[in-house]
Amino acid sequence: MLAGLAAGVYFAPAQWAGRLLPGDSVVDEGAVAFLPGTAIATSGRVEADGIDVFDPEGEILLLTVAIDSDLTVLDWIRSSVDEAVDLRSRASVYGDRTDTEQREHNRHLMDSSKDIATIVALERLGVHAADFTGVLFFETVPGGPADGLLEPTDVILSIDGQPVTTVDSLRAVLSELEPGAAAVVTVENSETQELRDVEMTLGTHPDSGGPFLGLSGVTERVSRSPLPFDVDISSGAVGGPSAGLAFTLVVLDVLSRGELTGGQRVAVTGSIRLDGSVGDVGGVAQKAVAARDAGARLIIVPEASADEARSNSGDVPVVGVANLDDALQALADVGGDPVGRLLG
């Protein structure tokens with residue numbers, strides 16, 4: 001009788017935890033669990049046509065996190081004793097997006113990440129790969145100046161007639177304005193190519209106190225330069241931006257002679273920006289477990305996440321990097337070959 005009752009409690013819905021256990025637990029509000037995911041081999045994921053390729057002996061592993069939204073009280077208990085299990089509120093992970101919207105959002109992030117990874121790698125190899133033609137964003141901040149006026153299909157081209165082609169140029173134009181000022185934002189609809197002028201009053205940035213449009217997920221629109229060859233990355237079912245650095249390194253490894261990894265299995269996570277800087281990603285503690293279990297000899301993560309990764313990496317060394325050059329240096333330190341210019 002007691003054994004049956006215990007089993008029933010252990011596998012009861014996690015929302016019952018608030019009734020069974022004292023305190024204001026996150027599971028009472030709808031939680032998800034971050035669990036170790038997988039370390040995915042990238043061999044064969046880069047295809048190139050019209051240019052020499054070099055199949056590496058080593059392996060760059062991209063890391064994923066498993067997210068479980070069907071929690072039980074057992075999950076809640078496990079999260080209190082296992083550092084590799086992290087309970088978070090659903091809102092902190094998904095925002096107000098539905099599961100379908102979240103999958104589409106992650107797919108969009110991955111597509112953008114692959115484009116940026118390819119461009120950054122080719123530029124590092126001495127190939128002019130892209131021009132910047134405006135600023136995109138993923139969504140407007142609820143209640144912000146642009147909310148209800150701009151849509152994610154809009155590309156910002158100018159503000160008060162001042163050209164905006166990159167995120168840096170957007171910041172530069174805004175820095176000349178004041179919070180509360182009226183501004184005319186010229187945008188192009190990315191689907192119809194229709195241009196329109198949008199008048200809005202700039203807000204005050206909650207952190208810096210400077211002028212504020214109220215946009216999140218801001219990035220550049222990239223126009224790929226015509227090239228005499230094609231490079232394509234296959235990401236499979238993986239979504240999100242966190243494979244950006246891994247894919248950048250894979251493209252470099254495939255398009256240049258030598259062994260970028262020194263012939264070793266190296267696990268990598270981190271987003272990549274067009275200037276080569278590496279952005280933070282989530283679930284690094286869980287990804288470190290996946291890397292360790294996959295036999296990685298080195299784990300490369302964003303600089304700010306190095307300690308988090310080390311908490312679960314065991315004997316596998318972890319290197320935190322701020323940019324692509326740091327990542328290439330980390331590989332050189334374990335015997336990796338340097339990257340040269342594109343050969344053909």
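A: Let's start with helix α10, residues 324-333, where Leu-324, Ala-327, Leu-328, Ala-330 and Leu-331 are buried (buried is under 20% relative accessible area, exposed is over 50%, and partly exposed is in between, using a 1.4 Å probe and protein chains only). These five sit on the same side of α10, because they cover an arc of only 155 degrees around the axis; that arc is taken from the directions running from the helix axis to the C-beta atoms. Helices here are DSSP runs of H or I with at least four residues, strands are runs of E with at least two, and both are numbered from the N terminus.

Before going on, a word on ground rules: this is a predicted model, in which local features need pLDDT of at least 70 and side-chain atom pairs count only at pLDDT 80 or more, while totals for chains, interfaces and linings use all residues. Residues are numbered from 1 along each chain as its sequence is written, and side-chain values use heavy atoms, with hydrogens and water left out.

So what covers that buried side of α10? The cover includes α5, α7 (244-255), β16 (265-268), β18 (278-279), β19 (298-302) and β20 (318-321), with contact meaning heavy atoms within 4.5 Å. Now look at the two ends. At the start of α10, Asn-323 has a side-chain oxygen within 3.2 Å of the backbone nitrogen of Asp-325. That pair is a polar contact, meaning N or O atoms within 3.5 Å; within protein, one must be able to donate a hydrogen and the other to accept it, and residues adjacent in sequence count only if both atoms are side-chain atoms. Just after α10, Gly-335 has a positive phi of about 100 degrees.

Helix α5 (99-124), one of the elements that cover α10, also turns up in the second largest pocket, where α5 gives the most to the lining, with ten residues. That pocket holds about 760 Å³ of space. Of its 29 lining residues, the closest to its centre are His-108, Leu-136, Phe-137, Phe-138 and Pro-152. Along with α5, β6 (139-140) and β14 (219-224) each supply at least two lining residues. The lining divides into nine nonpolar, eight polar and twelve charged residues. Nonpolar covers Ala, Val, Leu, Ile, Met, Phe, Trp, Tyr, Cys and Pro, charged covers Asp, Glu, Lys and Arg, and the others, Gly among them, are polar. As for the term itself, on a 1 Å grid over the protein atoms alone, a pocket is an open set of points where a 1.4 Å probe fits, with protein on both sides within 12 Å along at least five of seven lines, and lining residues have an atom within 4 Å of a point. Points are joined across faces, edges and corners, and the volume is the space filled by probe spheres set on them.

Helix α7, also part of the cover on α10, leads us to Ser-235, which is in the loop between β15 (230-233) and α7. Ser-235 is buried, at 6% relative accessible area. Its side chain makes a 3.1 Å polar contact with the side chain of Lys-114. Beyond its neighbours within four places in sequence, Ser-235 is in contact with Arg-45, Met-110, Lys-114 and Phe-247.

Not counting residues up to four places away in sequence, Ala-306 touches Val-301, Val-318 and Gly-320.

Pro-142 counts as exposed, at 71% relative accessibility.

Zooming out, the chain has ten helices and 20 strands, and 46% of its 344 residues are buried. Its C-alpha trace spans about 75 × 55 × 35 Å along the principal axes. Among contacts between residues at least 6 apart in sequence, 72% join residues at least 24 apart.
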